Amino acid sequence: MNVFISADIEGTCGITSWAETERATPQDYTPFQKQMTREVRAACDGALAAGAKGLFVRDAHDSARNIDPAGLPESAQIMRGWSGDPLSMMSGLDEGDFGAVLFTGYHSWASGGGNPLSHTMNLQNEIVTLNGVPMSEFMMNAYTAGYYGVPVVFLSGDKALCDFAREFIPGIVTVPVNRGMGGATVSMHPDAAVKAIQEGAKKAVKNAKNCFIPMPPFFEMNIRFREHRRAYSKSFYPGARLEGSKNVCFSSDDWFEMLRFSHFVLSD
C-alpha cells in the first residue's frame with residue numbers, strides 16, 4: 001500500500017500564535033517547524049510499521065517549505081512548494097496509487113473555537129460552509145480523497161477538529177494534541193504527541209478499508225468574506241452568485257468543479 005500524508009502546522013502540538021507558524025519570525029517558528037517534521041515522521045513510521053510500501057508527503061502550510069526532508073524516512077517522497085493546481089493541499093494524490101490518506105497538524109474551521117488560529121484556507125473569510133456545515137480544510141481535503149476513491153484513515157490536530165472527524169468518518173483514528181481555550185491552547189507534551197501519532201497511524205493504516213468517504217450527490221459552498229468588496233470581486237467566477245454583500249455561493253454535482261471554484265475564489 002502507498003500512503004499519502006498531507007501536513008499542516010496550526011494543529012501541531014503546542015502551537016498557539018501566528019508567529020509560531022511563519023518563516024518570517026524564526027525565533028518563534030523554528031521549534032514548531034521541527035515539531036511539525038517530527039509529527040510527520042511519526043506518521044510515516046507508523047504507516048511503515050503497518051505495512052505501507054510507499055510514502056508521499058505533501059507539505060501543505062503557507063509556502064509549503066516547512067518540513068525538513070532529511071527528517072523523514074528514506075522511502076518517503078516529499079512535495080514542497082505550490083504547483084498551482086486545484087488540489088492544493090492534496091496535490092499529488094491524483095498521480096499515485098494510494099491506499100490511505102493521513103492528515104497531520106490540521107486545525108479547526110474558520111470561526112470555530114477549537115483553535116486560536118482557526119481558519120479555512122486564509123484569513124479573508126469569516127466562515128465557509130459546505131452543504132450547510134462549517135467547512136474546515138480537513139473536510140475539504142477529505143472530500144478530495146473521496147473523489148479519488150482513497151480512504152481517509154488518520155488525523156492529528158486540535159480536539160474540536162478531531163471530534164468532528166470521528167462523526168464525519170466513524171472509522172478514522174484521531175490524535176488530539178491540542179485543545180483551544182479562546183486565545184490559548186492546552187497541549188500534551190511534544191514527545192507524547194509524537195508517540196501517539198506513530199501508534200495512531202499504525203492502527204489507522206491497518207484499518208483503511210473502513211474509512212472510505214461517501215460522496216454527496218450535490219455540493220453547495222457559501223463563503224462569507226470579511227470585506228464586501230472582496231466578495232463582489234470573487235462573485236464574478238463563472239457560475240458563482242453574490243448573496244447580500246459578503247456571501248459568494250457556488251454549487252455543483254462534481255467535486256472537482258468545487259475544487260476549481262475554491263482554487264480561484266477561496267485559496268488566495
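This briefing describes helix packing, the nonpolar core and some backbone features of one structure. The model is predicted, so local features need pLDDT of at least 70 and side-chain atom pairs count only at pLDDT 80 or more, while totals for chains, interfaces and linings use all residues. Residues are numbered from 1 along each chain as its sequence is written, and side-chain values use heavy atoms, with hydrogens and water left out. Helices (H or I, at least four residues) and strands (E, at least two) are DSSP runs numbered from the N terminus.

**Helix 1 and helix 4**

- Helix 1 (residues 26–49) packs against helix 4 (residues 190–206) at an angle of about 30°, with the axes 7 Å apart; axes are lines fitted to C-alpha atoms, for helices over the stretch in contact, and angles run from 0 to 180 degrees between N-to-C directions.
- That angle makes helix 1 roughly parallel to helix 4, given that angles under 35 degrees count as roughly parallel, over 145 as roughly antiparallel, 65 to 115 as roughly perpendicular and the rest as oblique.
- By class, the contact of helix 1 with helix 4 has 10 nonpolar, 3 polar and 5 charged residues, where Ala, Val, Leu, Ile, Met, Phe, Trp, Tyr, Cys and Pro count as nonpolar, Asp, Glu, Lys and Arg as charged, and the others, Gly among them, as polar.

- Helix 2 (residues 137–147) is mostly covered, as 10 of its 11 residues are buried, meaning under 20% relative accessible area, with exposed being over 50% and partly exposed in between (1.4 Å probe, protein chains only).
- N141 has its place in helix 2 and counts as buried because its relative accessibility is 2%; leaving aside residues up to four places away in sequence, N141 touches M89, M90, F103 and Y106.
- The axes of helix 2 and helix 6 (residues 255–265) come within 10 Å and cross at roughly 140°, and the two helices are therefore oblique to each other.
- This contact joins M140, Y143, T144 and Y147 of helix 2 to W255, F256, L259 and S262 of helix 6, and its residues divide into 6 nonpolar, 2 polar and no charged.
- Just after helix 2, G149 takes a positive phi of about 75°.

**The nonpolar core**

- The largest nonpolar core has 86 residues, and those with the most contacts inside it are L102, F138 and V152; such a core is a set of buried Ala, Val, Leu, Ile, Met, Phe, Trp, Tyr and Cys residues joined through side-chain atoms within 4.5 Å.
- Helix 1 gives the most to this core, with 8 residues.
- Not counting residues up to four places away in sequence, L102 touches several residues, among them V3, F4, A43, V153 and A201.

- Most residues other than glycine have a negative phi.
- D62, although not a glycine, has a positive phi of about 50°; D62 is found in the loop between strand 2 (54–59) and strand 3 (76–79), and is partly exposed, with a relative accessible area of 48%.
- S88, also a residue other than glycine, has a positive phi near 55°; S88 lies in the loop between strand 3 and strand 4 (98–106), and counts as buried at 14% relative accessibility.

Terms used. Contact means heavy atoms within 4.5 Å.
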